[in-house]
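Subject: Structure handover and notes

Dear colleague,

Please find below the structure I promised to pass on.

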Amino acid sequence: MSSARVTQEKRMGKKVKKEVEPPPKDVFDPLSIESKKAATVVLMLNSPEEEVLAKACDAIYKFASKGDENKVTLLSLGAVEPLFKLVSHEDPLVRRNAIMVFGIMASNNDVRKLLRELDVTNSVIARLAPEEDIVVHEFASLCLAHMAVEYTSKVQIFEQGGLEPLIRLLSSPDPDVKKNSVECIYHLVQDFQSRAAVRELNAIPALLELLKSEYPVVQLLALKTFGVISNDRETRIILRENQGLEHLFKILETKEFNDLHVEALAVVANCLEDVDTMQLIQQTGGLKKLLSFAEMSTIPDIQKNAAKAITKAAYDPENRKILHEEEIEKCLITLLGTDNDGAKAAASQAISAMCENLASKDAFGIQGIPQLVQLLSSENEEVKEAAAIALANLTTGSPSNASAVAEAEGIEPLINVLSAKRDGTVANAAAVLTNMAMQEPLRLSIHGVMNAIVEPLQSTNSLVQSKAALTVAALGCDADARTELRIASGLEPLVKLLHSKNDEVRRNACWAVMVCASDELTAVELCRLGALDILEEINLSTGRKNNFSEGALDKLLDNNLSQKYSQMGYLSSSNIITDGFYDYGQVKPGVKLLSLEELSIQELNDHRAIILVNAKLPEVSLSAEDKSQDLYYGRTTSSSSIRKSSKERTRFVADKMGGPIERDKLHEFSWELHISEIEFELKCNVVPIGKIKKGTFYHRALLFKVIADRIGIGCSLVRGEYGRAWNEVKLVDDSPQGITGLLLPPQMYIVDLMYQPGCLMKQGSAEADHYQRI
């Protein structure tokens with residue numbers, strides 16, 4: 001704020017009247033001394049004579065008034081220290097002239113620095129006393145106004161009691177004193193302690209009086225002060241009780257005060273936060289005037305501040321209801337179409353706030369969404385971000401608004417802003433796309449997002465990471481989208497987000513992994529990137545696991561059965577083995593399973609052969625009786641009916657793998673040599689299961705599982721120790737003889753593929769235990 005004086009009156013022409021007495025005989029007659037050198041005049045500041053001191057201060061004041069260079073010259077000549085002493089001089093004229101110099105020299109930053117070091121504030125505050133001359137008040141308050149720009153001086157002025165005399169001077173008859181005092185107070189109230197003190201010292205009525213001043217600069221400073229102190233609710237109450245709103249609306253309704261409208265609106269914006277104030281303004285017709293004023297104004301700052309006022313008010317649900325009743329939506333949509341970027345951004349922010357009101361959210365959808373979509377292409381980053389936030393809020397929980405974005409051709413602009421400079425823009429654009437993807441028809445119309453989402457996934461901003469992962473989860477349920485993400489190398493940054501310390505980021509990343517693991521190719525790639533190990537680690541931590549981490553791990557394994565069987569040693573009846581499955585054997589925790597391609601090119605070694613399922617199996621026909629007994633996948637049937645057909649099927653497996661083996665001759669069954677011969681023949685550690693003619697427990701159990709999966713029999717595969725593996729099937733036993741309609745619970749049976757192929761052993765029996773463990 002300019003420190004120029006309000007009035008142009010020559011203060012230095014005023015004289016302090018004194019009684020003129022004839023000088024004593026022993027006193028030297030007055031000597032008039034003139035000097036054109038500043039250094040000489042500065043030396044005169046140390047004179048013991050009051051008249052010399054007054055004239056020296058007068059000369060220095062005139063010299064300093066000519067420009068900043070002169071102030072620096074006086075500083076270098078050491079004028080500040082002696083002037084400081086003269087500020088408290090007993091002679092009124094000396095004191096007055098010295099404070100005048102201080103008042104104008106304090107505008108210089110280097111001078112202020114020295115004034116702080118000298119701790120002059122206490123002496124300057126003392127010059128605000130009622131008994132001091134009005135000119136002293138003017139320049140003392142001017143000095144403090146300059147000083148209050150810096151935080152340290154603010155604290156000093158407040159702690160040394162400067163606020164109270166400054167408030168008293170708001171009622172001074174002199175406009176310069178008023179101007180300097182309110183300017184100083186404006187700087188002081190930037191600190192919350194001073195704001196509270198202003199309220200307690202009853203400064204609000206005096207500040208309101210300044211709004212009636214004939215000097216615009218005084219009015220403006222008063223409004224700026226109100227703009228700060230009205231951030232406190234207690235102040236707003238006092239302002240309302242003192243008819244402050246009437247003063248503010250009077251300014252807004254006066255065209256001649258258009259230079260004050262922006263600041264007046266800022267105060268009104270704060271006041272509108274209170275429901276009582278909002279209701280009062282509505283009842284008196286002030287709200288309609290305010291909205292009309294905002295719509296009709298052609299001044300960008302006024303439009304912007306009006307929108308900001310609405311935004312502040314809209315944070316309260318009752319206020320939102322009142323604003324909706326006044327059809328605020330029309331006003332904000334009008335402001336979206338202005339030529340000013342600041343007004344557009346502010347209107348978008350107001351729309352975001354009003355979206356909490358469902359009726360407003362619906363009202364904005366028809367006309368507001370097309371305009372907001374257009375703003376996504378703005379060159380102004382603030383406008384772009386505000387529009388993205390508004391669209392995110394409008395489409396959350398509103399399928400109709402999400403559809404409206406698509407109808408307004410918003411998909412392409414949203415995808416484009418995923419590479420915007422501001423994190424808020426990116427995060428909210430991703431949120432809009434996620435909201436749209438909740439509807440299948442819209443999701444199928446969204447193309448190219450997975451390519452664009454890779455960059456946000458790599459952001460360092462947790463909000464962007466979270467929203468990007470959520471977008472992947474929403475769109476990843478489509479196979480084409482998963483393929484697009486995989487080809488775009490988006491799986492790697494997604495897996496990295498599983499390490500995040502942010503709970504929401506980690507949760508959404510788990511969700512996205514769970515969705516993307518729906519196909520085998522993506523699941524295998526996620527495992528290769530380490531997702532499996534990270535998810536296992538997450539699920540071991542009570543603090544880090546979440547609703548999706550366990551589901552992601554299960555989904556990942558269910559679509560990568562080779563990894564699941566190697567790691568877990570178990571495949572359920574719902575885990576259907578297809579071509580390309582391979583049994584590597586048990587892997588230790590933390591050891592990554594190599595891909596089939598990597599295993600195929602390894603040199604021959606003495607490790608356990610990898611068994612591959614890679615060829616179409618012979619058709620195993622089901623009799624009509626079998627089909628009628630519901631032998632298909634996912635169902636259970638009686639043990640008597642399955643026994644009729646199981647022997648033939650399980651003997652087929654046994655015959656392919658070397659036939660039944662007598663228990664006491666198991667050690668003579670040389671299957672290892674046979675497997676080694678196949679490896680040597682193929683020059684590869686990977687052995688197709690169809691080439692195995694001599695197979696032990698784990699070869700036979702795998703083949704049985706493969707056949708069972710192909711013909712629709714529910715069957716699990718379990719790995720045991722020492723090369724053991726077996727199959728489990730659930731069967732319902734027949735009702736006891738003579739009892740019909742009795743539903744018995746299903747029982748688990750182990751299928752014998754080695755000793756008596758086709759024999760079913762009840763789980764837990766001694767026979768089953770012997771088969772599994774011995």
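Helix α17 (residues 261-271) is largely enclosed by the rest of the structure, because 8 of its 11 residues are buried, where buried means under 20% relative accessible area, exposed means over 50%, and partly exposed lies in between (1.4 Å probe, protein chains only). Helices here are DSSP runs of H or I with at least four residues, strands are runs of E with at least two, and both are numbered from the N terminus. The buried residues of α17 are His-261, Ala-264, Leu-265, Val-267, Val-268, Ala-269, Asn-270 and Cys-271. What covers them includes α14 (216-229), α15 (233-241), α16 (244-252), α18 (275-283), α19 (286-296) and α20 (300-313).

Before you read further, please note that this is a predicted model, in which local features need pLDDT of at least 70 and side-chain atom pairs count only at pLDDT 80 or more, while totals for chains, interfaces and linings use all residues. Residues are numbered from 1 along each chain as its sequence is written, and side-chain values use heavy atoms, with hydrogens and water left out.

As for the whole protein chain, it contains 44 helices and 8 strands, and of its 774 residues 53% count as buried. Among contacts (heavy atoms within 4.5 Å) between residues at least 6 apart in sequence, 68% join residues at least 24 apart.

Next come two helix pairs. Helix α24 (residues 358-375) packs against helix α25 (residues 381-395) at an angle of about 150°, with their axes 10 Å apart. That angle makes α24 roughly antiparallel to α25, since angles over 145 degrees count as roughly antiparallel, under 35 as roughly parallel, 65 to 115 as roughly perpendicular and the rest as oblique. The residues making this contact include Phe-364 and Leu-372 of α24 and Ala-387 and Leu-391 of α25. By type, the residues of the contact divide into 10 nonpolar, 1 polar and 2 charged; Ala, Val, Leu, Ile, Met, Phe, Trp, Tyr, Cys and Pro count as nonpolar, Asp, Glu, Lys and Arg as charged, and the others, Gly among them, as polar.

The axes of α25 and helix α28 (residues 423-437) come within 8 Å and cross at roughly 30°, which makes α25 roughly parallel to α28. Among the residues in contact are Ala-388 and Thr-395 of α25 and Ala-429 and Val-432 of α28, and the residues of this contact divide into 7 nonpolar, 5 polar and 3 charged.

Two single residues complete these notes. Not counting residues up to four places away in sequence, Ser-466 touches Glu-504, Val-505 and Asn-508.

With best wishes

Notes. Axes fitted to C-alpha atoms, helices over the stretch in contact; angles between N-to-C directions.
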